Amino acid sequence: MSTLTSHHVTNILTQHAEEAVFLWLKRSYLVHAPHVALRHLARNDNRLAAHIDGLRVAGDEGWKLCEGQLSSEESGEMFPAMLMALESKQQARIDKLFALAEAVPAMRSGLHSTFGWVSAQFLQGTVKDLLASSSPFRRLIAIACCTLHRVDAGKAIIDAIRDSNVELRARALRAAGELGRIDLLTLCEQHTNDKDIACQFWSAWSSAILGERKHSIETLKLFFTPGPFQERALQLALKVMPLNEAHAVLKSFASHSADKRMLVKGAGIAGDSFYVSWLIKQMETLKLTRLAGEAFSLITGLDLALLDLDRKPPENFESGPNDDPNDVNVAMDEDENLPWPDPEKIQAWWNANQHRFQNGVRYFMGEPVNVEQCKKVLLDGFQRQRGAAALYLSLLQLGTPLFPTSAPAWRQQRWLVKRE
């Protein structure tokens with residue numbers, strides 16, 4: 001029997017550390033992907049957990065390898081390092097990583113993600129100390145952690161909403177809505193005119209989720225123009241405003257060619273079958289076809305690929321960056337992994353089935369919006385659809401925490417069983 005040398009062990013641990021980073025990066029995409037169901041996310045999460053186990057078993061050697069990767073100053077490398085630090089409860093390691101994340105903003109998403117991944121047993125005491133910290137950054141992470149685990153941080157959220165630090169204040173305002181804290185509605189409303197844009201957005205976002213549907217929607221409309229909050233604003237506002245108001249919003253997008261993608265997305269979010277024929281027409285346009293197919297599915301509930309309502313991509317079509325060093329377009333394809341709809345097949349289906357739909361009714365995945373349908377989509381839908389279902393459930397049942405569709409798959413599965 002061969003014996004593993006220290007060199008072999010180091011190579012194995014290096015592979016565990018590198019794969020953990022790779023699978024975390026992959027996961028960051030999968031949680032928002034249009035073709036990924038919870039079972040698919042679970043496969044990636046199980047693979048990631050296996051590599052974490054390998055590092056965990058190695059103890060200090062595993063930590064040293066993770067620590068060595070931090071020189072890249074990337075979020076992915078922060079994830080296994082912070083996980084090892086939190087589980088070991090070695091404060092010096094935790095402090096080092098907090099200082100690094102605070103100094104290098106690019107690493108913060110990895111730190112945030114780790115607190116959402118780690119099991120609650122490893123967070124006891126640590127999060128309590130973070131909530132009591134004088135550092136706004138540490139309090140922000142603690143509130144984000146509690147929210148990711150759907151644990152109410154209590155008075156700490158109120159204190160954070162009243163804090164002068166805008167990043168902490170914005171995160172606390174967001175947490176109020178995510179946790180269904182109806183008791184904080186008035187406090188959230190007071191910040192819809194906040195001087196900080198992020199605070200203004202999250203105050204309106206949470207106010208709408210917590211039941212105030214007038215002033216909050218007017219504030220959200222301010223974010224319909226291109227910017228970091230545009231899509232979130234549309235996703236929420238178009239779900240709650242009366243359909244006649246949603247039509248007016250979409251009409252305004254129609255008058256500007258630059259807003260065509262938002263118009264297509266908005267039609268799917270609004271959910272009125274009135275838009276279906278128009279969406280089928282947009283499937284004939286190369287740049288809009290897959291997006292229009294997704295919007296069509298959001299209204300009708302059809303899985304285009306499963307039902308053979310899709311087609312092959314056009315010849316010579318390139319998705320995202322290519323190998324040409326002279327090509328200045330390096331942006332990823334926003335519609336990657338969406339099926340290519342076949343307009344003729346879909347039109348034939350619509351001709352045979354449109355009698356099942358009534359104009360002027362908001363549909364979601366083939367049914368008028370209702371709690372049971374949203375629960376079903378949360379169980380069986382793709383990630384983007386699941387996110388919409390979670391938002392609808394909080395809107396339909398005031399005080400219901402927003403279901404975290406980006407949580408570790410096994411935790412989501414456990415929570416979903418409890419909901420049944």
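Tutor: Happy to! On a 1 Å grid over the protein atoms alone, a cavity is a set of points where a 1.4 Å probe fits but cannot get out. A volume is the space filled by probe spheres set on the points, which are joined across faces, edges and corners. This is a predicted model, so to speak of local features we need pLDDT of at least 70, and of side-chain atom pairs pLDDT 80 or more, while totals for chains, interfaces and linings use all residues. Residues are numbered from 1 along each chain as its sequence is written, and side-chain values use heavy atoms, without hydrogens or water.

Searching the whole structure turns up 1 cavity of 30 Å³ or more. The largest cavity has a volume of about 40 Å³. Around it you will find Lys 239, Gly 268, Ile 269, Leu 298, Tyr 363, Phe 364, Ala 388 and Tyr 392 (lining residues have an atom within 4 Å of a point). Two or more of these lining residues come from each of helix H16 (260-270), strand S3 (363-364) and helix H21 (383-396); helices (H or I, at least four residues) and strands (E, at least two) are DSSP runs, numbered from the N terminus. The lining of the largest cavity divides into 6 nonpolar, 1 polar and 1 charged. Here Ala, Val, Leu, Ile, Met, Phe, Trp, Tyr, Cys and Pro count as nonpolar, Asp, Glu, Lys and Arg as charged, and the others, Gly among them, as polar.

Now for a pocket, which is an open set of points with protein on both sides within 12 Å along at least five of seven lines. The second largest pocket has a volume of about 560 Å³. Its lining counts 25 residues, and nearest its centre lie Leu 302, Asp 303, Met 365, Phe 382 and Gln 385. At least two lining residues each come from H2, helix H18 (289-300), helix H20 (371-380) and H21. H20 gives the most, with 4 residues. By class, this pocket's lining holds 10 nonpolar, 9 polar and 6 charged residues.

Let us follow H2 to a helix it packs with. The axes of helix H2 (residues 38-57) and helix H4 (residues 75-88) come within 11 Å and cross at roughly 55 degrees. Axes are lines fitted to C-alpha atoms, for helices over the stretch in contact, and angles run from 0 to 180 degrees between N-to-C directions. H2 and H4 are therefore oblique to each other (under 35 degrees is roughly parallel, over 145 roughly antiparallel, 65 to 115 roughly perpendicular, and the rest oblique). The crossing of H2 past H4 is right-handed, meaning the near helix is turned clockwise from the far one by less than a right angle. From H2, Leu 48, Ile 52, Leu 55 and Arg 56 make the contact, and from H4, Phe 79, Pro 80, Leu 83, Met 84 and Glu 87; contact means heavy atoms within 4.5 Å. Those residues divide into 7 nonpolar, no polar and 2 charged.
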